[in-house]
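Subject: Structure handover, cavities

Hello,

Please find the structure below. My notes on its cavities follow.

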Amino acid sequence: MKKLRCLLLSTSTISFMYYAPVHAWSKPLAKTTTHSSKGLHHKPKDNAPSMMGATSPTDVSEEQISVFGAHHRQVAAGLMIKEDAPKSRSTVTQEFIEKQANGSNPMQLIALLSGVNTSDQDPLGMTGGNMTMRGLTSQQIGFTLEGFPINDIGSYAVYPQEIVDAENLRSINVEQGSADLDSPHISATGGAVDMYLRDPANHFGGKLVGSYGSYNMRRIFGRVDTGYVGHTNLRGFVSFSQAAEDMWRGPGSSNKMHGETKWVNKWGNGNVVSLSIIGNHSSGVLFPSTRVTTAADMNAMNTGKGYNSLVNSMIKNNVYESKWNPDSPSGNYYQLHRNPFTNIYASAPSTFRLSDKITLTETPYFWYGNGNGGGAYSTSFQNYQYGAEKMSASLGNYNASNTKSMLLYNPSNTQTYRPGSVTKLTLHTGINRLEAGYWFEYSKQRQTGPYSLINPETGRALDLWGGGPNLVLSNGVTAEYRDTLTQTRIHTLFLADSLSLLNNKLNIEAGLKYTFVKRQGYNGLPDTSTGSHINGSWQQPLPAFSVRYKVNSENQFFASVTTNFRIPMNSSLYDSGSYYPGSGYSTKANPNQKTEYSISEEAGWRYQGATIMSSITFFHYNFTNRLYTQVITQPNGSYYTTSINGGGMHASGVDAEIGTRPFHNFRPYASFEYVDARTDNNLAASSGSTSDYVHSKGKFAPQTAKYQVGFNLDYDDGNFFSGFSLKYTGSQYATFTNDLKIPGYVRMNISAGYRFKNFGFLKHPTLKLNLMNIANNHYLGFVNGAATNAKATTGVFGSKIAGQSTSYLIASPFSVLGTFSADF
């Protein structure tokens, strides 16, 4: 590590993926016409690889962008590009994206890539999705769009259904081992996913899309490109989409409205100013969690005997109630489990060529979110537990004198304001590139859980956002399930240097990132273990080193060593939830935790020939202070949730992928991963009746598939196109003691379509049919939080440790979606 910290060699503000000459893999494409009067000629760029680039989507020439719109030309049908990064990286381009089911979210779009394990709960991914990469969850993977962070600043969760319309995506980069040095993340210990929007077209035009399918799925999308505005360099697009689908199990539906706009102004020799704004409003019904507790169910999962019957039973029985009974109100009524959310993202990544040797990149952004997950609970008006005290309560005309208890709506509201900016300065001096930068962010996140009225006739909340009138206690305080305000300040400096030798055959690169994070928290609940004001601060140096050697134009080797970290979630700062006399809150604070720290090592080879392109990467990573959320069961049967330091973890494995140019219009692609991930420590038992530890040391890590295989076969003759994809995911343990697992599964999809000749003002009218999960395979797709042990066991010190229930998410079933689209 000392050697790494001494190496401060390298880099670029440009993600090489964007100026890789993809068109070299196909017939020459017609280049976009440039206009000298508009200053659009671009000086050739230095194609040195880089560990930078997540926040530099503007530094791309017209010719390099245009290739993403080419039909039936790209290697592996848009699942691979010519890559030059000094670490593992995979890319999905627009060609692959446009052939998938209309409205697919980003996690669904990268499912076939090496190392990626994704699962959805509905065909269009409108209720979200889950993902692991090399066995690490999405809360450990940094997501960016146009250079700004997407992960929740408190929990690091990712909600893929809210991010972007697929029609506007130019590409998605997946970095399996580490995020770029300039990535604006404080949680990316397991890699990164960087998304980039298409640039506005040079000429006026647009796109219209309409879809309909199973479960009453329907979606419309429209986009208008302005072309160049007057005699200026300014061009932009505005798009809007609306989508809805009925829940495939249980009552209710999901609805989403989404709008996007992007504006770009280019002038001179590489100067670019852009502005992207994304708005999303959605409201759906949450799926209830699916839990496994019985020995028979565990046996069905571990052996596979009776597994199909078990999952079918879960599908049938794990649903919310479809009807409201005013005479017997139930908190399981589906209208009380809605998930409204509104978010607005804005980013202005811009590049300024200050001189032939100096480039400035500035990426200011703003992130706003407001939403909740609904729930309803029977609440006492006579003996409400306010911390250690019991108090009477009132809500409008209801009070302790006329109401003993009542079913009240209790959403978990979260409101976030998150401005920030990433600034980078690059100095080009011949064979050397030096880059320095600074990332600053100051966010505020307000999280509450008020109680409000339910309409007694309809069963709906009077206000989905939990607005008044609210439950007020006899001391004048508004009752809250949680009541926190978290302010997070992030200061990050990064410095990198790249040395290019032997005519750019050899590139040596190293850098250092130093991050300081301070959190100031306020908890409005009484009798908490940490008091009302909580402060936490963390700082971490993060060195990185990489080398890439090109043997010739087709073969290259690369190796890298990178470090990443994740600070504890903001929920670890606070007590919250229900208060139990003698044991405290149902969520307990653990504020004095160290940062999760990872070291990732990679070595790989790429072959990029005239017909075939392939890569293989061997990797190893090591974690210290692995952060987990654990549910602790107490002797009286109650339980609480807390954050813990799970000690160490390590993994070794190999990722590989291969794809070809068109061969009689066919283009196959295949990916593979093997990973051996192990827990390094015995974890504290999830039982309050003992201070013992379970035997988890050396066990295979949960939520991790040892084997994954992806395959895609694309046919495209310019008019007719079709595709078949398959993803095999091996079994995954649900516990740290490896006594329960979900079996492996196969998911297959088929697509087919036809591009017609231009008709009137419609250009490239296309009909497309997507069949998803064609085998209608019913399976559990994700372990929703691993337990220490599912079966009763004996601890390290001989104590009897009771088994814990485990929860899962059920994957979406067979569905069909038909789509018509046309440009104009």
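In the largest cavity, β40 provides the largest share of the lining, six residues. This is a predicted model, in which local features need pLDDT of at least 70 and side-chain atom pairs count only at pLDDT 80 or more, while totals for chains, interfaces and linings use all residues. Residues are numbered from 1 along each chain as its sequence is written, and side-chain values use heavy atoms, with hydrogens and water left out.

Largest cavity

Its space comes to about 590 Å³ (a volume is the space filled by probe spheres set on grid points, joined across faces, edges and corners). A cavity here is a set of points on a 1 Å grid over the protein atoms alone where a 1.4 Å probe fits but cannot get out, and lining residues have an atom within 4 Å of a point. The lining has 34 residues, with Gln108, Ala111, Ser725, Arg747 and Asn749 nearest the centre. Elements giving two or more residues to this lining include α4 (106–109), β40 (720–729) and β43 (745–755) (DSSP runs numbered from the N terminus: helices are H or I, at least four residues, and strands are E, at least two). By type, the lining splits into 15 nonpolar, 14 polar and five charged residues (nonpolar: Ala, Val, Leu, Ile, Met, Phe, Trp, Tyr, Cys and Pro; charged: Asp, Glu, Lys and Arg; polar: the others, Gly among them).

Second largest cavity

This one has a volume of about 190 Å³. Of its 21 lining residues, Arg89, Ser90, Arg606, Ser615 and Glu657 lie nearest the centre. β34 gives the most to this lining, four residues.

In total, the structure holds eleven cavities of 30 Å³ or more.

Regards

Conventions: On a 1 Å grid over the protein atoms alone, a cavity is a set of points where a 1.4 Å probe fits but cannot get out, and a pocket is an open set with protein on both sides within 12 Å along at least five of seven lines; lining residues have an atom within 4 Å of a point.
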